[in-house]
Amino acid sequence: MLPLTLDAIGTKHGTDKASFEHNYLNFYEIFFAPIRDHKLKVLEIGVLHGQSLKMWEEYFPVSEIIGADISPRSKMFEGGRVHIELIDQSNIEELTKIGIKHGPFDIIIEDGSHMWEHQITSLRTLFPFLKDNGIYIVEDLQTNYGVLQDTYRGISTKTCIDFLKSWLDLRVADDQIAAETVEDPFLRTYGRSAQFISFYKRACLIKKSMPPASRENSPLITDDGTSLILPVRLVAHLSHYGDSVGNAGYINFGSDTFTFQGISIDLDDQILEYRTCDRDYKWSEWVAQNTFLGSRGEAKEISGVTVRFVDRFQDTHDMRVVGRFATNTAHHERKNGQDCISSNGQPLCGLHIQISKRG
């Protein structure tokens, strides 16, 4: 017996996404069917009566479903593989917290207030938390037109459709519009990061696809082969590129173009904590491993980082932290707990963290 289609499941649960109203689901299934049985993270902004959460839980049988809504009553739909977060989608900090807590996501469906500002803010804030090859959907874009404009305009001077059209320009005319000339920091970072942008009746579907690095990732530390080097996983969000992963502990494209805007450091053993410094010499709080510090898509650069051992691991381990900064040919090398920071406020452009265990 063949499994029910997405539209059949949606109709059963009474979501207005089904063919009896908006008819989104037959379109979505083109993209969702090949990954239906994968273990995914699906985020939906806007819970309402919970019909679509039940639909996603049934259609994606092994996936984690996160619903986000401003109404406390939405907590009643939590249970099993469904988690509910109470957020205000107009609040960037709250959107970022849900991204940090539950992301990265495979699918994000934005079906919240439909206010233009909220649609744009959610897209700008959550798209960085979408996995490469992930799918982002903006629903109910008809609110950008006609008699609905007075209800959903709010304080925005630009519709979400206007914003998406600007993105479309960068996707279609990729060899005619230089990214560095784009005023919007999100579009400057992610304008080339859509494999395709597909418009449907009242909705838009974007498939994320990060461009390959234009430079080879090169280490800043030469391994002498005499120490037991522990595997360090470094994740950095870079300007003009997006997220990059260095499974050997370093990210360095050898160019001042790719400046660090955020980082995350992780090892198999929980032995480190770290902090970052912004361009105004303001340090963040210390955070535990695998915690993202900084920003994504906001053009806010990092000018320094400090890494240190927790407890007494400095008695059994050694650390080298080497940073490369814009317009500075000399590399900055530091040890456990020492600030690796530019002397003139220049942004970080390369980082290598090496942790070794003494024999």
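Analyst: Helices, labelled H (or I) and at least four residues long, and strands, labelled E and at least two residues long, are DSSP runs numbered from the N terminus. The model discussed here is predicted.

User: Between which helix and which strand does the loop with proline 104 lie?
Analyst: The peptide bond that leads from glycine 103 to proline 104 is cis, with omega near 0°. Proline 104 itself belongs to a loop, and the elements on either side of that loop are helix H4 (92–102) and strand E4 (105–110).

User: How do H4 and H5 lie relative to each other?
Analyst: The axes of H4 and H5 come within 9 Å and cross at roughly 40°, and H4 passes H5 in a right-handed crossing. Angles under 35 degrees would count as roughly parallel and 65 to 115 as roughly perpendicular. The orientation of H4 and H5 is therefore classed as oblique.

User: Which residues in H5 meet H4, and how does the contact of H4 with H5 divide into nonpolar, polar and charged residues?
Analyst: From H4, the contact includes Ile92, Leu95, Thr96 and Ile98, and these meet Thr121, Ser122, Thr125 and Leu126 in H5. By class, the residues of this contact of H4 with H5 divide into four nonpolar, four polar and no charged.

User: How many of the eleven residues of helix H5 are buried?
Analyst: The buried residues of H5 are Trp116, His118, Gln119, Ile120, Thr121, Ser122, Leu123, Thr125 and Leu126. Helix H5 (residues 116–126) is therefore largely enclosed by the rest of the structure, the number of its eleven residues that are buried being nine.

User: At what angle do helix H1 and helix H3 pack?
Analyst: Helix H1 (residues 6–13) and helix H3 (residues 51–59) have their axes 9 Å apart, and H1 passes H3 in a right-handed crossing. The contact draws on Leu6, Ile9, Gly10, Lys12 and His13 of H1 and on Gln51, Lys54, Met55, Trp56, Glu58 and Tyr59 of H3, which by class gives five nonpolar, three polar and three charged residues. H1 and H3 are therefore oblique to each other, and the angle at which they pack is about 140°.

User: Which residue is the bridge partner of glutamate 44 in E2?
Analyst: Four of the five residues of strand E1 (residues 41–45) are buried, so E1 is largely enclosed by the rest of the structure. E1 pairs with strand E2 (residues 64–69) in the parallel sense over five bridges. Within E2, the bridge partner of glutamate 44 is glycine 67.

User: Which residue in E14 stands opposite glutamate 273?
Analyst: Another open sheet of four strands has the order E14-E13-E16-E19, with antiparallel pairing, and its edge strands are E14 (287–288) and E19 (340–341). Two bridges join strand E13 (residues 272–278) to E14. The residue of E14 that stands opposite glutamate 273 is alanine 288.

User: Is valine 321 buried or exposed?
Analyst: Valine 321 lies in strand E17 (residues 317–325). Residues up to four places away in sequence aside, valine 321 touches Val307, His332, Glu333, Arg334, Cys340, Leu351, His352 and Ile353. Because its relative accessibility is 2%, valine 321 counts as buried.

User: What is phi of asparagine 133?
Analyst: Asparagine 133 has its place in strand E5 (residues 130–138), and at 44% relative accessibility this asparagine 133 counts as partly exposed. Its phi is positive in a residue other than glycine, with a value near 75°.

User: Where does arginine 202 lie?
Analyst: Arginine 202 has a positive phi of about 75° although it is not a glycine. Because its relative accessibility is 33%, arginine 202 counts as partly exposed. Arginine 202 lies in the loop between strand E6 (194–200) and strand E7 (203–208).

Terms used. Residues numbered from 1 in each chain as written. Predicted model: local features only at pLDDT ≥ 70, side-chain atom pairs only at ≥ 80, totals over all residues. Heavy atoms only, no water. Axes fitted to C-alpha atoms, helices over the stretch in contact; angles between N-to-C directions. Parallel < 35°, antiparallel > 145°, perpendicular 65-115°, else oblique. Left-handed = near helix turned anticlockwise from the far one by under 90°. Contact = heavy atoms within 4.5 Å. Nonpolar A, V, L, I, M, F, W, Y, C, P; charged D, E, K, R; others polar. Buried < 20%, exposed > 50% of the residue type's maximum accessible area, 1.4 Å probe, protein only. Pairing = 2+ DSSP bridges.
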